[in-house]
Amino acid sequence: MDIFELMPENFDLTGYQYILLTYTWDIKFDGKRRAHLVANGKVTIKPPEEDVWSKVVNTESVSTAMFLVMLNGIKILAADISSAYLMADTKEMMYTRLGQEFGVWAGKLAIIRKALYGLIGSCAQLHCHLCAELDKIGFKPSKAGFDLWMRDAGDHYEYVAKYIDDILIMSKDPNAILYLLQKLKGPYKLKGDGSP
């Protein structure tokens, strides 16, 4: 259970803020349902010294990359990062009391360790996490835009454009990059990958 850390009842909560957790249900077109654990983010307080917004790729950067892709005969692959926020740790000091839906842990005191949906800084934490992962596999931010990442593949440049938890991979072999980012080699479970 790395989303939370269970704490003893006498744990000193000085500096921590209480937050209520709820489940929301997402119903897909095929009828499948998925539960999302969401923090009641309207009560979180922005730390004044930290940026809580995630930067995203701009339209001009994507247009430039698309032009280069078409010019050089490069393939494009789009994907969505599943449960994206849970990959990143949170910087917010939040605690909760677990509800009945947590079974044997019901009523326990828990410190939130992961960037849950609804916490004000979660998007920025995901941004930092994804940037670090792209850097690990050799990508660097382009001068066209910080969220258009590129690397030299020898005979061409490869690009990854990121928009919060959606990525656009442009390469002669985009599946190789996808493989590096997926759970087998990387931390992410990607879904909906295919041609945009």
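How many of the 8 residues of strand S5 are buried? The count is 6 of 8, so S5 is largely enclosed by the rest of the structure. Here, buried means under 20% relative accessible area, exposed means over 50%, and partly exposed is in between, using a 1.4 Å probe and protein chains only.

## Ground rules

This is a predicted model, where local features need pLDDT of at least 70, side-chain atom pairs count only at pLDDT 80 or more, and totals for chains, interfaces and linings use all residues. Residues are numbered from 1 along each chain as its sequence is written, and side-chain values use heavy atoms, with hydrogens and water left out.

Helices (H or I, at least four residues) and strands (E, at least two) are DSSP runs, numbered from the N terminus. Two strands pair if DSSP finds at least two bridges between them.

S1 pairs with strand S7 (residues 109-112) in the antiparallel sense, over 4 bridges. Within that pairing, Phe4 stands opposite Ile112 in S7.

## Helix H1 and what covers it

Helix H1 (residues 59-72) has 14 residues and reaches 20 Å from its first C-alpha to its last, close to the 20 Å expected at 1.5 Å a residue. That expected span is 1.5 Å times one less than the number of residues. The buried residues of H1 are Ser61, Ala65 and Val69. Looking down the helix axis, these buried residues fall within an arc of 70°, so they line one face of H1; the arc is that of the directions from the helix axis to the C-beta atoms. An α-helix has 3.6 residues a turn, so residues three or four places apart point the same way.

Just after H1, Gly73 has a positive phi of about 65°.

Ile76 stands opposite Met170 in S11.

The loop between strand S10 (157-163) and S11 holds Ile164. Phi of Ile164 is near 55°, a positive value in a residue other than glycine. Ile164 is partly exposed, with a relative accessible area of 28%.

## Nonpolar cores

A nonpolar core is a set of buried Ala, Val, Leu, Ile, Met, Phe, Trp, Tyr and Cys residues joined through side-chain atoms within 4.5 Å. The largest one here has 23 residues, and Leu134, Phe139, Val160, Ile167, Ile169, Ile177 and Leu181 touch the most other members. S5, helix H2 (122-136), S11 and helix H3 (174-181) each supply at least two residues of this core. H2 gives the largest share, 5 residues.

Apart from that core lies another, of 12 residues, among them Phe4, Leu37, Met94 and Leu119.

## Salt bridges

The whole structure has 8 salt bridges, each a side-chain nitrogen of Lys or Arg within 4 Å of a carboxyl oxygen of Asp or Glu. One of them joins Glu5 and Arg113 (2.7 Å, N to O). This pair links distant parts of the chain, with Glu5 in strand S1 and Arg113 in the loop between S7 and H2, 108 residues apart. Glu5 is partly exposed at 35% relative accessibility, and Arg113 is partly exposed at 30%.

Asp147 and Lys162 also meet in a salt bridge (2.9 Å, N to O). Asp147 sits in the loop between strand S8 (140-141) and S9, while Lys162 is in strand S10, 15 residues apart. Asp147 is buried at 2% relative accessible area, and Lys162 is buried at 1%. Then there's Lys172 with Asp155, the closest N and O atoms being 3.0 Å apart. Lys172 lies in the loop between S11 and H3 and Asp155 in the loop between S9 and S10, so the pair ties together parts that are 17 residues apart in sequence. Lys172 is partly exposed at 37%, whereas Asp155 is exposed at 57%.
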